[in-house]
Amino acid sequence: GLFDPEHKKPLPNFPRQVAIITSPQGAAIRDIQTTFERRFCGIQLIVIPVAVQGDGAAQAIADAIDTANRWSKDNQSQAASAVISPTNVKPDAIIVGRGGGSIEDLWAFNEAVVAQAIYRSELPIISAVGHEIDFTITDFVADLRAATPSAAAELISPDGEDMLNQFEGFELLLAEAMVRKTH
């Protein structure tokens, strides 16, 4: 049931905050940040740094997914929580991934602990592992697969230029309606 299409959650149209689970030293985080800056800089990125390969990486990724979900819940409710979450951190979605590498480098994203964390996530998750030709179990369990980390940022961020053009069109329609109303 981990790959079941009925379990897939839709991405939010206008997220306010997106959690990025990746290595803070890799090129993937810079690519994601650059894409958000270019497309729609109003989305707050919450980087949850993890090791993306090697011993303990799979558990760190799974823990980070659980953490993002906990922050979203903790800051949704008014009740006091036993675990203190950062103030005003309430991600609407998660991007989990890394840049390319050998199958051994990407192996943490094939581990059951990561697949189970993605499956139980209440937040929608985009898998952005490797390059276009790379596939991991994470890609199949996630709500959406992106071919690259940059593509993941494009999938979750609205196009600011298109939005601006729409608002300019609305402005013209409103001005025309006001002229008709006064005549």
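Select helix H5 (residues 149-156) and display what covers its buried residues: S1, helix H1 (27-39), strand S3 (93-98) and S4 are included in that cover. Contact here means heavy atoms within 4.5 Å. Helices (H or I, at least four residues) and strands (E, at least two) are DSSP runs, numbered from the N terminus. This is a predicted model, in which local features need pLDDT of at least 70 and side-chain atom pairs count only at pLDDT 80 or more, while totals for chains, interfaces and linings use all residues. Residues are numbered from 1 along each chain as its sequence is written, and side-chain values use heavy atoms, with hydrogens and water left out.

Stay on H5 and pick Pro-149, Ala-152, Ala-153 and Ile-156, which are buried (under 20% relative accessible area; exposed is over 50%, partly exposed in between; 1.4 Å probe, protein chains only). These residues sit on the same side of H5, because they cover an arc of only 100° around the axis, the arc being that of the directions from the helix axis to the C-beta atoms.

Next, the largest nonpolar core. Select Ile-21, Ile-61, Ile-65 and Ile-94, which touch the most other members among its 29 residues. A nonpolar core is a set of buried Ala, Val, Leu, Ile, Met, Phe, Trp, Tyr and Cys residues joined through side-chain atoms within 4.5 Å. Two or more residues of this core come from each of S1, strand S2 (44-49), H2, S3, H3 and S4. H2 gives the most, with eight residues.

Centre on Ile-94: not counting residues up to four places away in sequence, Ile-94 touches residues including Ala-19, Ile-65, Ala-68, Asn-69, Leu-123 and Ile-126. Another core, of 14 residues, lies apart from the largest one; Val-18, Ala-93, Ile-95 and Ile-156 are among its members.

Now turn to the salt bridges (a side-chain nitrogen of Lys or Arg within 4 Å of a carboxyl oxygen of Asp or Glu). The structure holds five. Select Asp-143 and Lys-9, whose side chains form one at 3.3 Å, N to O. Asp-143 lies in the loop between helix H4 (137-141) and strand S5 (144-145) and Lys-9 in the segment before strand S1 (17-22), so the pair ties together parts 134 residues apart in sequence. Both residues, Asp-143 and Lys-9, are buried.

Go on to Glu-122 and Lys-73, a salt bridge at 3.2 Å, N to O. Glu-122 is in the loop between helix H3 (112-120) and strand S4 (125-129), and Lys-73 is in helix H2 (residues 57-74), 49 residues apart. Glu-122 is exposed at 55% relative accessibility, and Lys-73 is partly exposed at 43%.
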